[in-house]
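Please keep the sequence and the model open while you go through it.

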Amino acid sequence: MTIDESLPMRPLVFAHRGASAVFAEHTRAAYLQALADGADGVECDVHLTRDQHAVLLHDANLDRTSDGTGPVAERTLAELRLLDFSSWKGARIPEKYGARSEQFLTLPELLDVLRGAGRDIRLAIELKHPSPYQLRLEDRVLDVLQSEGWDAGTSSVDNITVTFMSFSPDSVKHLLQTVPAEFICQLVDDVDVDEIREELGLGPLTGVAIANVMKAAQLEGERIIDECEVRLAGPGINYVREHARTVQRWLDSGRRFRVWTVDSERDVALCQGLGIHEITTNIPARVLAQLQPAGLQLQLPD
C-alpha cells in the first residue's frame, strides 16, 4: 500500500468482541457485522472447555452471556453448543448472519469467518487468566493456530495477521518463547479493590488478597513494557487518562499502542491526538466515521 506522507494518519480500528454494540459479543453476527463495518481488525477472548477446545467467551462463567450457568471450563464443546449465546442482547440476527444455533464460535470457526473477509484483516486474541488450565491455554491456542496454517515468523494465517494479548505477565513471557515480540501485547489497567470484590462476589479480606496479586501483575506488566520486552502496549482508556506521563514515555520509546475500549467521540479524539496506533471499540462503524474525514490515511505498523 502506498501512503501519502503529507496526509494525517488514523489509528487502526479493532472491533471489540466483534461489533458488540449491535449484536451479542463474540457471536458470528457480531464479527460479520464488524467486517461489514470495515473494521481493520477484530478482538476476541479465549477460554478452554473441559475437552480442550478454544472457545470465544469473555467471562469464565456462562451466566452473563448465555442461558447456561457455571464455569466454561467445566463444560464440553458439545454441551456449550446446546446453549443460546445471542438472545440476551435482544437484537434480531439477519438470516445472512446465521441461525441462533450458529452464533457460538470456536477459534477455528472465527478464523473461517475472517478468511471470508475478502481482504487482509487483523485478529487480536486475548488469553484469559486466571485459567484452571494455566499456561496450557496458551499452548493449546498456538496448537490450534498451527493446525490452521499459522506461520510463527509472520504471525499470519492466510489473510489474517494474529496478535496475542494478556493481562498476565506469565502468559506474555510464555508466548515470547514462540511468538515474536512485535506480535505480543501486554495489557495493563489500574486495580480497583472495590470493583474486584463486587465483580467476583468476594469478602473484604479475600478481595484485598486477590487485588494485591493483581496489583503485582500490573506492576510486572508495566515493567515488561518499560523494558521493551514486547512491541505492543495495551492500556485501557482510563489508564491513558490517569497516567499521561507514563503513556507519553512509552510512546516516545517507540512502543506501539492498542487502547481499549474506546467508544465515545471524546476518547477517540484523545487517542487520535496522542498518536495512538490502534483503537479497540464496540462500535467500529461510528469510530471509523469519526476518524475518516476526507484525506485521512491508515495508521500502518512500522
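1. Phe23 and Tyr97 are both buried (buried means under 20% relative accessible area, exposed over 50% and partly exposed in between, with a 1.4 Å probe and protein chains only). They form an edge-to-face aromatic pair, 5.7 Å centre to centre and with 85° between the planes. Rings of Phe, Tyr and Trp (its six-membered ring) pair if their centres lie within 6.5 Å; planes under 30 degrees apart are stacked, over 60 edge-to-face, and the rest tilted. Phe23 is in the loop between strand S2 (12-16) and H1, and Tyr97 is in the loop between H2 and H3, so the pair ties together parts 74 residues apart in sequence. Helices (H or I, at least four residues) and strands (E, at least two) are DSSP runs, numbered from the N terminus.

2. This is a predicted model: local features need pLDDT of at least 70, side-chain atom pairs count only at pLDDT 80 or more, and totals for chains, interfaces and linings use all residues. Residues are numbered from 1 along each chain as its sequence is written, and side-chain values use heavy atoms, with hydrogens and water left out.

3. A further edge-to-face pair is Trp150 with Phe164, at 5.9 Å centre to centre and 80° between the planes. Trp150 lies in the loop between H4 and strand S6 (156-157), while Phe164 is in strand S7, 14 residues apart. Trp150 is buried at 6% relative accessible area, and Phe164 at 0%.

4. The largest nonpolar core has 41 residues, and Phe164 is among those with the most contacts inside it, as are Leu123 and Ile125. Such a core is a set of buried Ala, Val, Leu, Ile, Met, Phe, Trp, Tyr and Cys residues joined through side-chain atoms within 4.5 Å. Another core, of 21 residues, lies apart from it and includes Tyr239 and Cys271.

5. Which residues of helix H10 (residues 265-274) are buried? They are Asp267, Val268 and Cys271. They cover an arc of only 105° around the axis, which puts them on the same side of H10; the arc is that of the directions from the helix axis to the C-beta atoms. The face turned away from this buried side carries the exposed residues Glu265, Arg266 and Gly273. The buried residues pack against helix H8 (237-242), strand S10 (256-259), strand S11 (278-281) and helix H11 (284-291). Gly275, with a positive phi near 85°, follows H10.

Methods. Contact = heavy atoms within 4.5 Å.
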